[in-house]
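The sequence and structure are shown first.

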Amino acid sequence: MTDCTIGDYLLTRLREVGIRHVFGVPGDYQLEFLDQLEADGGLDWVGTCNELNAAYAADGYARLNGIGAVVTTFGVGELSALNGIAGAYAEQVPVVSIVGTPATFVMRERALVHHTAGDGDFTRAAACAAQYTAAQALLDRDNAAAEIDRLISVCWLQKRPVYCMLPSDVAGQLIEAPAAPLALPEPSSDANMLARFAAAAGERLHSANTTTILIGPEVDRYRLGPQVLALAEFLGAPVATLSSAKGVFPETHEQFAGGYAGALSEPEARRAVEDADCLIAIGCQFTDSVTGGFSQQLDPARMIELHPATATAGGLPFAHVAMKDALAALTQPQGRRRRGPVAHREPPPSPAPIAGRPLSQERFWPQIAGFLRPGDVVVAEQGTAYFGSARQPLPRDCAFVGQPLWGSIGYTLPALLGTMLAAPDRRHVLLIGDGSLQLTAQELSTVLRLGLNPVIVLVNNDGYTVERCILGEHAQYNAVAPWRYDRLVQAFDPADRAVTAAVSTEDELAAALDTASAAGGRPVFIEARMAALDAPEAVRRLGKAFADTDYHHAPV
């Protein structure tokens with residue numbers, strides 16, 4: 001045991017799990033904790049323009065780092081951040097949400113203090129947070145060490161946000177705390193259940209003439225990409241990915257069959273997935289945005305499904321079977337049988353830019369794909385940017401960050417701040433639409449203030465084109481204000497470091513991308529102007545599916 005303050009103990013545990021940056025906005029209920037953070041030496045405070053952006057940044061950071069943290073103040077701050085925390089919950093991203101609250105005696109006496117509803121009730125915001133966090137705790141001197149360890153353990157194990165209330169008079173209190181590092185839990189298996197699963201799955205594999213592997217986002221969250229690659233090579237099976245798991249399997253690998261999105265899939269990937277005698281679906285969530293509006297044609301009787309702590313074989317469930325153990329069980333000689341020919345095809349080369357030809361969605365995204373290089377981190381905003389880029393090939397060792405389930409527009413610009421701090425040695429490319437950027441544009445100032453050097457490609461199509469493909473093609477509500485984006489960058493960049501370009505033709509885009517490749521230690525902002533009603537074919541088809549589901553008719 002060792003003596004330390006509660007705030008210092010919390011900071012120690014954050015460092016132990018690999019957190020190096022903490023995002024947030026200062027507020028008077030957590031200033032003493034922020035003093036402790038700045039004195040810590042092993043953690044950097046990253047102040048953001050608002051709390052929502054801080055939550056988005058912590059999410060982006062956690063996707064590459066493995067876990068993140070955000071600090072807000074009671075009521076007004078935490079509720080501003082809650083949309084970002086909810087997105088992390090939906091997308092299974094582990095974020096520790098630390099909320100500075102009024103002092104314990106203030107809450108006990110139900111005092112009418114600021115940032116409350118003025119009725120002495122201090123539980124409302126916590127009740128909201130409980131809907132989108134996996135565990136919650138109000139720290140005091142007696143429970144702090146145990147509760148901090150519990151929260152971080154749950155966050156790590158479940159890959160979901162947790163909620164830590166730190167009263168202003170508690171952070172500085174001394175406690176006796178464990179000196180040993182925190183032992184982080186991992187999903188584990190019941191030996192008997194694992195053996196039963198292995199037998200059932202092995203039988204299905206052995207009897208199948210063709211087997212395909214389909215990868216979902218849980219593989220990335222639990223860092224099991226290498227094990228999935230080993231299984232794929234062991235079986236010799238084609239591999240497809242949901243767009244929510246893009247980049248988890250190397251797209252340059254000879255067994256890669258492409259992205260699967262139900263009826264919106266490339267034909268090779270759709271045949272490999274839907275026609276397989278046995279489909280091994282690993283960490284998959286079949287949500288509307290990644291399945292072409294639930295257009296997948298999959299038979300559970302022909303599937304082996306793996307999740308972090310459960311599995312199925314032919315529709316038969318097996319509880320308490322960890323994904324990592326199930327992968328190991330499938331990589332056994334008794335289930336091996338050489339599968340049919342792999343459906344991999346080389347991606348077509350990027351089209352040569354044509355001088356004077358206006359930019360179009362059909363040719364724009366292949367041109368962007370040709371700009372990417374091995375190891376890039378691609379952050380793609382929901383909408384034309386996500387669905388346009390998700391269908392393009394990735395070079396080796398690239399990461400792809402998006403939010404297709406929660407789909408909160410504006411997420412990616414602050415998430416870019418997080419990804420860049422989590423992986424500072426990689427090039428980061430943000431693909432974002434004008435409507436989305438206008439929601440969180442101020443966080444570009446933080447990116448520039450910290451001396452970071454992303455490549456930002458803004459698709460300017462005068463509004464919410466993805467919404468126009470659902471409903472209101474010509475409606476005013478899908479328009480946004482026209483901005484002078486080059487001057488916005490200048491306003492946020494007093495050091496005049498950024499390189500900016502506005503392009504509307506293919507040759508102009510090619511020249512701007514060449515400049516970006518040669519920019520070195522400078523940020524690059526490219527505004528690509530396109531027609532308001534131009535959209536990737538996948539967006540048009542998905543829009544029709546959404547319109548039919550939401551309003552029972554096609555868009556007008």
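Ser-243 is buried because its relative accessible area is 17%, and the cut-off for burial is under 20%. The model from which this value was computed is a predicted one. Ser-243 occupies the loop that runs between strand 10 (239–241) and strand 11 (256–259). Beyond its neighbours within four places in sequence, Ser-243 makes contact with Tyr-260, Val-290, Tyr-386, Ala-390 and Phe-400.

Ala-491 provides a second case: this residue belongs to helix 19 (residues 485–492). With a relative accessibility of 60%, Ala-491 counts as exposed, since the threshold for that class is over 50%.

Two C-alpha separations involving these residues are set out below.

| Residue pair | Distance along the chain | C-alpha separation |
|---|---|---|
| Ser-243 and Ala-261 | 18 residues | 7.4 Å |
| Ala-491 and Ser-360 | 131 residues | 29 Å |

Which residues have the most contacts inside the largest nonpolar core? They are Leu-214, Phe-364 and Leu-431, in a core of 51 residues. Helix 21 (residues 537–551) makes the greatest contribution to this core, supplying five residues. Another core, of 44 residues, lies apart from the largest one and includes Ala-54, Ala-62, Val-95 and Ile-432.

The surroundings of Leu-431 can be given in detail. When residues up to four places away in sequence are not counted, Leu-431 touches Trp-365, Ile-368, Val-378, Val-379, Ala-380, Glu-381, Ala-385, Ser-389 and Val-457.

At the level of the whole protein, the secondary structure consists of 21 helices and 21 strands. Along the principal axes, the C-alpha atoms fill a box of roughly 65 × 65 × 50 Å. Of the contacts with a separation of 6 or more, 77% are between residues 24 or more positions apart.

Of the 556 residues, 57% count as buried. The accessible surface comes to about 21,800 Å², and carbon and sulfur atoms account for 53% of that area. As for charge, the protein carries 42 positive and 62 negative side chains, with the centres of the two sets 6 Å apart.

Methods
Residues are numbered from 1 along each chain as its sequence is written. This is a predicted model: local features need pLDDT of at least 70, side-chain atom pairs count only at pLDDT 80 or more; totals for chains, interfaces and linings use all residues. Side-chain values use heavy atoms; hydrogens and water are left out. Helices (H or I, at least four residues) and strands (E, at least two) are DSSP runs, numbered from the N terminus. Buried means under 20% relative accessible area, exposed over 50%, partly exposed in between (1.4 Å probe, protein chains only). Contact means heavy atoms within 4.5 Å. Accessible areas come from the Shrake-Rupley method with a 1.4 Å probe; for residues, only the protein chains shown count as cover. Lys and Arg count as positive and Asp and Glu as negative; His and the chain ends are not counted. The place of a charge is taken as NZ of Lys, CZ of Arg, CG of Asp or CD of Glu. A nonpolar core is a set of buried Ala, Val, Leu, Ile, Met, Phe, Trp, Tyr and Cys residues joined through side-chain atoms within 4.5 Å.
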